[in-house]
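Hello,

Here is the structure we talked about passing on. Please open it and keep it in view while you read the notes below.

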Amino acid sequence: MKKLLDLFTRRYFNSTNPLHYQIFMIFLLEILLVSILVCIMNTVLEYGVWGLVVQWVFNILCVIVLLLKDETRKRLQKPLMILVMFAYLPFMYFQSAGFDGTVLMFSTLGIFMMAFTFTGRARNWLIAGCCGVYITCILVSYYH
């Protein structure tokens with residue numbers, strides 16, 4: 001266990017990495033862990049096949065990102081944040097219990113991550129877009 005912690009400290013949470021990158025790695029590892037648990041639960045509960053495929057593909061993508069070189073992973077940080085916030089989490093909202101599930105909690109954390117990761121006008125537009133997407137998800141689930 002100590003070797004694993006040393007690896008994570010050296011590779012992902014090195015003090016030479018920017019703070020927003022270290023926080024992004026916490027977000028990525030947390031969402032990966034929770035997504036694996038949800039995949040196992042949804043597999044046991046025999047949820048829809050397409051939902052399971054999307055979840056397992058996302059998990060594999062996250063593991064691949066973790067295994068990439070540091071510079072490549074840093075370049076993929078922004079596109080991966082956009083993918084998670086605008087595609088994966090809204091999909092998971094409808095796949096796993098809607099507003100009764102934990103997706104809204106992760107979306108709040110994701111919006112915080114967007115504020116850390118992006119700057120300027122892009123930050124403002126992306127945060128507004130995220131809020132709009134999740135409000136739409138809530139309204140759609142409320143009416144259906």
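Predicted model: local features only at pLDDT ≥ 70, side-chain atom pairs only at ≥ 80, totals over all residues.

Notes on the model

Helix α2 itself covers residues 19-44. Its 26 residues, at 1.5 Å a residue, should span 38 Å, and the C-alpha atoms at its ends are 38 Å apart, so the two values agree.

Helix α2 also matters for the inside of the protein model: the largest nonpolar core has 31 residues, and α2 gives the largest share of them, 9 residues. Elements that give two or more residues to this core are α2, α3, α5 (77-95), α6 (103-117) and α7 (120-143). The members that touch the most other members are Phe24, Met25, Leu28, Met81, Met85, Leu89 and Met114. Take methionine 81: leaving aside residues up to four places away in sequence, its contacts are Phe24, Phe27, Gly110, Met113, Met114, Thr117 and Phe118.

On the surface there is a nonpolar patch made of Val49, Trp50, Val53 and Val57, which together have about 460 Å² of accessible area. Valine 57 belongs to helix α3 (residues 49-67).

How many salt bridges does a search of the whole structure find? It finds 1. The partners are arginine 73 and aspartate 70, with their closest N and O atoms 2.3 Å apart. Both residues lie in helix α4 (residues 70-75), 3 residues apart, which is about one turn of the helix. Arginine 73 has 0% relative accessibility, so it counts as buried. Aspartate 70 counts as partly exposed because its relative accessibility is 30%.

Regards

Methods:
Residues numbered from 1 in each chain as written. Heavy atoms only, no water. Helix = DSSP H or I, 4+ residues; strand = E, 2+ residues; numbered from the N terminus. Expected span 1.5 Å × (residues − 1). Patch = residues over 30% accessible without salt bridge, like charges linked within 9 Å, V, L, I, M, F, W, Y side chains within 5 Å. Areas by Shrake-Rupley, 256 points an atom, 1.4 Å probe, with all protein chains shown as cover. Salt bridge = Lys/Arg side-chain N within 4 Å of Asp/Glu carboxyl O. Core = buried A, V, L, I, M, F, W, Y, C linked by side-chain atoms within 4.5 Å. Buried < 20%, exposed > 50% of the residue type's maximum accessible area, 1.4 Å probe, protein only. Contact = heavy atoms within 4.5 Å.
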